[in-house]
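User: Hi, I have just opened this one and would like a walk through it. Could we start with the overall picture?

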Amino acid sequence: MTPETSPRPWRERYHHGSPGKFVVYASNDQPVAEVQNQDPEAMAPDAHLVAAAPLLYEALRELLASTETALHDQGIGCECDRCEAAKQLAYRAIGHAEGKTPLKEGMPGTF
């Protein structure tokens, strides 16, 4: 499931066991992901990040669209190296989320 097609919002729930695990669910109560570790406190941030993925995806798409529109239509925006690098990372992240960019392990800067 991609953030674009999974029912939103996502939420996480801790399941006790040995080891315990966080399960991230779509709004239709279907599991989306599991985060498992011996230490619940260590895995909680990862579970929160996974659960926030659809919201982050939507925010990033809107931010990119609005900045491109402002630059194109009104000439407002920054084109410094830092902003351009950030936009390229953002477009790459969107590509990963939509399954358009292959994930490659061990590559610097990959997610």
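User: How much of the protein chain is buried?
Analyst: Of the 111 residues in the protein chain, 22% are buried, where buried means under 20% relative accessible area, exposed over 50% and partly exposed in between, with a 1.4 Å probe and protein chains only. This is a predicted model, in which local features need pLDDT of at least 70 and side-chain atom pairs count only at pLDDT 80 or more, while totals for chains, interfaces and linings use all residues. Residues are numbered from 1 along each chain as its sequence is written, and side-chain values use heavy atoms, with hydrogens and water left out.

User: OK, and which helices and strands does it have, in what pattern?
Analyst: The protein chain has two helices and three strands, and along the sequence they follow the pattern β-β-β-α-α. Both kinds of element are DSSP runs numbered from the N terminus, helices being H or I with at least four residues and strands being E with at least two.

User: How do the strands line up in the sheet?
Analyst: They form an open sheet in the order β1-β2-β3, with antiparallel pairing; two strands pair if DSSP finds at least two bridges between them. The edge strands are β1 (11–15) and β3 (31–36), each of which pairs on one side only. From one strand to the next, the twist averages 25°.

User: What joins β1 to β2?
Analyst: Five bridges join β1 to β2, which covers residues 21–25, and the two strands form a hairpin with five residues between them. Within that pairing, Arg13 has Val23 as its bridge partner, while His15 has Lys21.

User: Is β2 mostly covered or mostly open?
Analyst: β2 is mostly covered, since four of its five residues are buried.

User: What packs on the sheet, then?
Analyst: Helix α1 (residues 40–74) packs there and touches β1, β2 and β3, contact meaning heavy atoms within 4.5 Å. The direction of α1 makes about 10° with that of β2; axes are lines fitted to C-alpha atoms, for helices over the stretch in contact, and angles run from 0 to 180 degrees between N-to-C directions.
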